[in-house]
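The entries follow in the order I made them.

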Amino acid sequence: MAKKLFVKTYGCQMNVYDSERMHGVMAAEGYEATDRAEDADLILLNTCHIREKAAEKVYSELGRLKPLKDARPDLKIGVAGCVAQAEGQEILRRQPAVDFAVGPQAYHRLPALVANGGVDTEFPVEDKFLHMPAAPRRRAPAAFLTVQEGCDKFCAFCVVPYTRGAEVSRPAARLLAEAKALADQGVREITLLGQNVNAYHGEGPDGRDWTLARLLRALCEIEGIARLRYTTSHPNDMGEDLIAAHGELDKLMPYLHLPVQSGSDRVLKAMNRRHRADEYLALIERIRAARPDIALSGDFIVGFPGETEADFVQTLALAEAVGYGSAFTFKYSSRPGTPAAGAGAQVPEDVKDERLARLNAVIWRDQKAFQRSMVGRRLPVLVEKPGRMEGQMVGKSPWLHAVHFLADPATAGQVVEVDVIESGPNSLSGRLAA
């Protein structure tokens, strides 16, 4: 009887992709996936270190899993991902139920860790993806594809350079082959992933480094792929060829996640973002000139050490000027080992709360307005899965809106035309066009 593997994934889309590849690694070792930890012979927690108290959440989950280990000593429990990279030895010390910890660059060595235990948080020279089988066959019409890992930007608040390492781009030929394999499985939409995805500079089949724009153009040639997206980007790596691609590639969806973090030049400098607010706004103008219907998404941090009310007002002004279709907003929280962690002039929590509420009011207003602007329009929707109501299907618009409508389940995987009739709190409702 096959052994069972349960994986719980925290955090970013790259962790989702990594979890799929770990399933592939362990499938080759005779493991089948299960969605119940109680049935598993191997439990993996694929962790994220970005959010506040991330490590404590992992320890809490391990505490809930410990009775399973007590009842079945042969059960293997491992912690993967960025918390494992940052605190591997400490995890094993604090929670004896854990057998091993593995960092994001060592997943190809997972079988040895399952067998022998221990901690592997090395940054190997070899490409881990060369040694990892493909993920098990997919049935969903949308998939992730990691093209780049790591970051060289060293923003003062961020742990990514320390947990994911330096920027590394995968060779284009391997990515094209993986994308074709996904298309052959019925995948219609691929989202390219990277901690700093628009810094992609992988070796092309011609021996020269390709930019992300060049890779996107090649992916557009793969039969069966109808839609392309990418995330997450840095403003300083938004090259003119990538801006042009947004205007020229029909398969590249009109949605761009481009974090800014603050509208204050003083705070941006303290964050080590290496761009000014006016440079960001000028970049947005160039992108919109190339693709007028593009929707912008962003990231904001309020309450960074030393942020004044005047600094925050500049952030509000930038958000107003851009008019985001969506955005992710956070209160600053200290990450041990980052430059900002030891900074003075910490902003009080109640001030952070008040500023976050004011920023969210602007973001939510613009997000709702953009969503309401879809009512009355006919949108191409990639049908993904059944909805909660009988006969209902759910898909994604080009702008990442969830769209609900009545349709035959056989439409899954197709791009269909839907007339939008209503905008809800977080999604659109419509009817299948005649």
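Entry 1: I began with arginine 266, which is partly exposed at a relative accessible area of 47%. For these labels, buried means under 20% relative accessible area, exposed means over 50%, and partly exposed lies in between (1.4 Å probe, protein chains only). I noted that the model is predicted, that local features need pLDDT of at least 70 and side-chain atom pairs pLDDT 80 or more, while totals for chains, interfaces and linings use all residues. Residues are numbered from 1 along each chain as its sequence is written, and side-chain values use heavy atoms, with hydrogens and water left out.

I then looked up what arginine 266 pairs with. Its salt-bridge partner is aspartate 311, with the closest N and O atoms 2.5 Å apart. A salt bridge here is a side-chain nitrogen of Lys or Arg within 4 Å of a carboxyl oxygen of Asp or Glu. Aspartate 311 lies in helix H11 and arginine 266 in helix H9 (residues 265-271), so the pair ties together parts that are 45 residues apart in sequence. Helices (H or I, at least four residues) and strands (E, at least two) are DSSP runs, numbered from the N terminus. Aspartate 311 is buried, at 5% relative accessible area.

**Entry 2: other salt bridges.** How many salt bridges does the structure hold? I found 36. I wrote down the general point that side chains of opposite charge can pair when their charged atoms come close.

One of the bridges joins lysine 153 to aspartate 237, at 2.8 Å from N to O. Lysine 153 is in the loop between strand S8 (148-149) and helix H5 (160-163), and aspartate 237 is in the loop between strand S11 (227-231) and helix H8 (240-248), 84 residues apart. Lysine 153 is buried at 11% relative accessibility, and aspartate 237 is partly exposed at 23%.

I also looked up glutamate 189, which meets arginine 229 in a salt bridge of 3.1 Å, N to O. Glutamate 189 lies in strand S10 (residues 189-193) and arginine 229 in strand S11, so this pair ties together parts 40 residues apart in sequence. Both glutamate 189 and arginine 229 are buried.

A network of salt bridges links Glu307, Glu309, Glu354, Arg355 and Arg358.

**Entry 3: the sheet with S10 and S11.** Strands S10 and S11 came up again, and I checked how they pair. They belong to an open sheet of three strands in the order S7-S10-S11, with parallel pairing. The edge strands are S7 (142-146) and S11, each of which pairs on one side only. From one strand to the next the twist averages 25°. Two strands count as paired if DSSP finds at least two bridges between them, and five bridges join S10 to S11. Threonine 191 stands opposite arginine 229 in S11.

Which helices lie across these strands? Helix H1 (residues 13-27) lies across S7, S10 and S11 and runs at about 95° to S7. Helix H6 (residues 172-184) lies across S7 and S10, at about 165° to S7. Axes are lines fitted to C-alpha atoms, for helices over the stretch in contact (heavy atoms within 4.5 Å), and angles run from 0 to 180 degrees between N-to-C directions.

**Entry 4: aromatic rings.** Rings of Phe, Tyr and Trp (its six-membered ring) pair if their centres lie within 6.5 Å; planes under 30 degrees apart are stacked, over 60 edge-to-face, and the rest tilted. I counted three aromatic pairs by this rule. The ring centres of phenylalanine 154 and tyrosine 162 are 5.7 Å apart and their planes stand at 75°, so the pair is edge-to-face. Phenylalanine 154 is partly exposed at 38% relative accessible area, and tyrosine 162 is partly exposed at 38%.

Phenylalanine 300 and tyrosine 324 also form an edge-to-face pair, 5.4 Å centre to centre with 90° between the planes. Phenylalanine 300 is in strand S13 (residues 295-302) and tyrosine 324 in the loop between helix H11 (309-322) and strand S14 (326-331), so the pair ties together parts 24 residues apart in sequence. Phenylalanine 300 is buried at 0%, and tyrosine 324 is buried at 2%.

**Entry 5: charges over rings.** Last, I looked up arginine 94, which lies over the face of tyrosine 59 at 3.7 Å from the ring centre. The charged end of arginine 214 sits over the ring of tryptophan 210, 4.1 Å from its centre. The rule asks for NZ of Lys or CZ of Arg within 6 Å of the ring centre and within 35 degrees of the ring normal.
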